[in-house]
Amino acid sequence: MIRLQNIHKSYITGTNKLHVLKGIDLHIKKGELVSIMGSSGSGKSTLLNILGLLDNHDDGVYELNNEEIKSMSETKAAKLRNNLLGFVFQSFNLISFKNAMENVALPLYYQKVSRKKRNKLALEYLDKMGLKEWAHHMPNELSGGQKQRVAVARAMITEPKIILADEPTGALDSKTSVEVMELLKEINKSGITVIIVTHENDIAHMTDRIINLKDGRIESIVENNKINNTESVQIPIQE
């Protein structure tokens, strides 16, 4: 599903060049539930942005669903992003002047789905999240957990193959964090690949595999409670 080989990314700030990712090799199979951890500045958000086609890598090979990204036009990349990927963010990213149903339906507006059909689907996804009765409430009338469930419904409405979640529990209390993670695990059980960036150990340990980043490199991979040091262990490449 996702294959990264020797991925590098740098940013230029004035006369300085900041080398953020320094040769990332990683393979994520279809249907995996993976977390990416690392301290501030380790490169985890940059990596997630590259995975989500929100940023370009400088060197290396990124294959998404057997298509190489580097040579892809922006139009094709945008189409691939809309068809394959769903996003969940720490700050929810809900539009304040639209109600819950309208927020969930928004991705379908960009796919030119009729208002009647997209609102019907939005209500169905809100129902799955246990929020159907909140469909006409504005974001400021919702709790943090409810906002994140709306955001998850919005990510799911286009039927993506991959969900990318950037600190999805970062703004929530511990009880609500577990509820949101259980929701993401249920989504994963339906066959959707879920990749979560988090700084919370208890959240990461609810995933099947933990990718630990340090200074722009993969320091280790925790899988089934076993730690693989990437300096000495080849990451298995499987189809």
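**Ground rules**

I number residues from 1 along each chain as its sequence is written, and my side-chain values use heavy atoms, with hydrogens and water left out. Since the model is predicted, local features need pLDDT of at least 70 and side-chain atom pairs count only at pLDDT 80 or more, while totals for chains, interfaces and linings use all residues.

**Entry 1: salt bridges**

I started with charges, because side chains of opposite charge can pair when their charged atoms come close. My rule for a salt bridge was a side-chain nitrogen of Lys or Arg within 4 Å of a carboxyl oxygen of Asp or Glu. How many salt bridges does this rule give? I got 10.

I looked up lysine 9 and found a salt bridge to aspartate 55, with the closest N and O atoms 3.3 Å apart. This pair links distant parts of the chain, 46 residues apart: lysine 9 is in strand β1 (residues 2-13), and aspartate 55 is in the loop between α1 (44-51) and β4 (59-64). For the labels, helices (H or I, at least four residues) and strands (E, at least two) are DSSP runs, numbered from the N terminus. I also noted a network of salt bridges that links Lys9, Asp55 and Asp58.

**Entry 2: buried or exposed?**

I used three classes: buried is under 20% relative accessible area, exposed is over 50%, and partly exposed is in between (1.4 Å probe, protein chains only). Lysine 9 has 8% relative accessibility, so I wrote it down as buried.

Next came glutamate 67 and lysine 76, whose side chains meet in a salt bridge at 3.2 Å, N to O. Glutamate 67 is partly exposed at 26%, and lysine 76 is partly exposed at 44%.

Then I checked arginine 81 and glutamate 74, which form a salt bridge at 3.5 Å, N to O. Arginine 81 is buried at 17%, whereas glutamate 74 is exposed at 54%.

**Entry 3: nonpolar cores**

A nonpolar core here is a set of buried Ala, Val, Leu, Ile, Met, Phe, Trp, Tyr and Cys residues joined through side-chain atoms within 4.5 Å. The largest one has 37 residues, and Val104, Leu126 and Ile187 are among those with the most contacts inside it. Which helix gives the largest share of this core? I found that α5 does, with six residues.

I then listed what valine 104 touches (contact means heavy atoms within 4.5 Å). Leaving out residues up to four places away in sequence, its partners include Ala122, Tyr125, Leu126 and Val150.
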